[in-house]
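Please examine the sequence and the structure shown below.

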Amino acid sequence: MKKMHKILPVVVHRIVLIFYILCAALPIYWMINTSFKTQGEIYSKVPTIFPKEFVLTNYITVLSDPKFLIAIKNSLMVAVVVVFISIMIAFPVAYSLTRRQFVGRRSYSKLILFCYLLPSSLMYLPMYMVVSKLGLVNHTAALFLIYPAFTLPYCCWILMPHVGAVPTSIEEAAVMDGCGKIGVMYRIVFRLALSGIVSTAIFAFANCWGEYLYALVTLTSSEQLTVPIYLSNLIVGDMFPWGEIMAGGVIACVPVFLLYMFSAGFLSGDRNAGGVKG
């Protein structure tokens, strides 16, 4: 009976975990599955778990469209630039709020949290007015101004605990060795908090990569569209080319997947261990 009491919670935990994994994996599998089906099979009355006939027509159609390749380039450029801007600004802010003592420090932290929790839908009109006055409507440069308004508070708030986790003794040792304040911040703290910075950058990249509403409001030209807008434009009236949409979705997932895979080495391990001799 005692063994049963010990084993039962573990079994229940595993079952619940498997259930959640299946719920998360099922939409991804169905997207990949649908991308290899013919249009007739997609609209069949009885859905098929596996394609009766694997076809690459949907991928060929999407990849042969120059507009899709332009959309990939635009999304990649916007996401990379916005993430770079966000991290380069958010890291000094997070360092200042966790390491420096000044009047209003807690108020600034709460303001960042408030901006992070602010619904993005409240900013549509003022953002569009600003972009319109700057003459950036229908240009991807408009997204360089819009997206940091949401990624910056997120990056600042997420980086603060990562920067604060770096032991101050390591900074003190660096100062004793002659390292200046800027050097301590970027040569010491930045490197030790790199796992948190990389994970924050990945999430910020994914948010920019998949953002739809602001890109829809700001961009109209086919040469300026991002990937989500391109995929939505495949729908014409009541015609839904699900095969092409799912194929485009699978291709759009590849950059984020590769980014995570190449960054996995930075997301593990304790970089603070052994920083100061006992």
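How many nonpolar, polar and charged residues does the lining of the largest pocket have, by class? The lining has 12 nonpolar residues, 1 polar residue and no charged ones. In this classification Ala, Val, Leu, Ile, Met, Phe, Trp, Tyr, Cys and Pro count as nonpolar, Asp, Glu, Lys and Arg as charged, and the others, Gly among them, as polar.

This is a predicted model, in which local features need pLDDT of at least 70 and side-chain atom pairs count only at pLDDT 80 or more, while totals for chains, interfaces and linings use all residues. Residues are numbered from 1 along each chain as its sequence is written, and side-chain values use heavy atoms, with hydrogens and water left out.

**Pockets**

- Rolling a probe the size of a water molecule over the atoms shows where empty space is left.
- On a 1 Å grid over the protein atoms alone, a pocket is an open set of points where a 1.4 Å probe fits, with protein on both sides within 12 Å along at least five of seven lines; a cavity is a set where the probe fits but cannot get out, and lining residues have an atom within 4 Å of a point.
- The largest pocket has a volume of about 230 Å³, where a volume is the space filled by probe spheres set on the points, and grid points are joined across faces, edges and corners.
- Of the 13 residues that line the largest pocket, Val80, Val83, Phe84, Ile87 and Ala201 lie nearest its centre.
- Helix H4 (66–99), helix H11 (194–209) and helix H14 (242–263) each supply at least two residues of this lining; helices (H or I, at least four residues) and strands (E, at least two) are DSSP runs, numbered from the N terminus.
- The second largest pocket holds about 180 Å³ of space, and its lining consists of Ser120, Tyr147, Phe150, Thr151, Tyr154, Asn207, Cys208, Glu211 and Tyr214.
- Two or more residues of the lining of the second largest pocket come from each of helix H8 (148–164) and H11, and H8 gives the most, with 3 residues.
- By class, the lining of the second largest pocket divides into 5 nonpolar, 3 polar and 1 charged.

**Surface patch**

- Tyr128, Val137, Tyr212, Leu213, Leu216 and Val217 form a nonpolar patch on the surface, with about 460 Å² of accessible area together.
- Patches are made of residues with over 30% relative accessible area and no salt bridge; like charges are joined within 9 Å, and nonpolar side chains (Val, Leu, Ile, Met, Phe, Trp, Tyr) within 5 Å.
- Accessible areas come from the Shrake-Rupley method with a 1.4 Å probe, and for residues only the protein chains shown count as cover.
- Helix H12 (residues 213–218) gives the most to the nonpolar patch, with 3 residues.
- Val217 has its place in helix H12 and is partly exposed, with a relative accessible area of 41%.
- Buried means under 20% relative accessible area, exposed over 50%, and partly exposed in between (1.4 Å probe, protein chains only).

**Charge pairing**

- Side chains of opposite charge can pair when their charged atoms come close.
- The count comes to 1 salt bridge, defined as a side-chain nitrogen of Lys or Arg within 4 Å of a carboxyl oxygen of Asp or Glu.
- Glu171 forms a salt bridge with Arg99, and the closest N and O atoms are 2.2 Å apart.
- This pair links distant parts of the chain, with Glu171 in helix H9 (residues 168–176) and Arg99 in helix H4, 72 residues apart.
- Both Glu171 and Arg99 are buried.

**Single residues**

- Leu219 is found in the loop between H12 and helix H13 (227–233) and is buried, with a relative accessible area of 2%.
- Leu219 and Leu143 are 76 residues apart in sequence and 9.2 Å apart in space, C-alpha to C-alpha.
- Most residues other than glycine have a negative phi.
- Asn138 is not a glycine, yet has a positive phi of about 65 degrees.
- Asn138 is found in the loop between helix H6 (124–133) and helix H7 (141–146).
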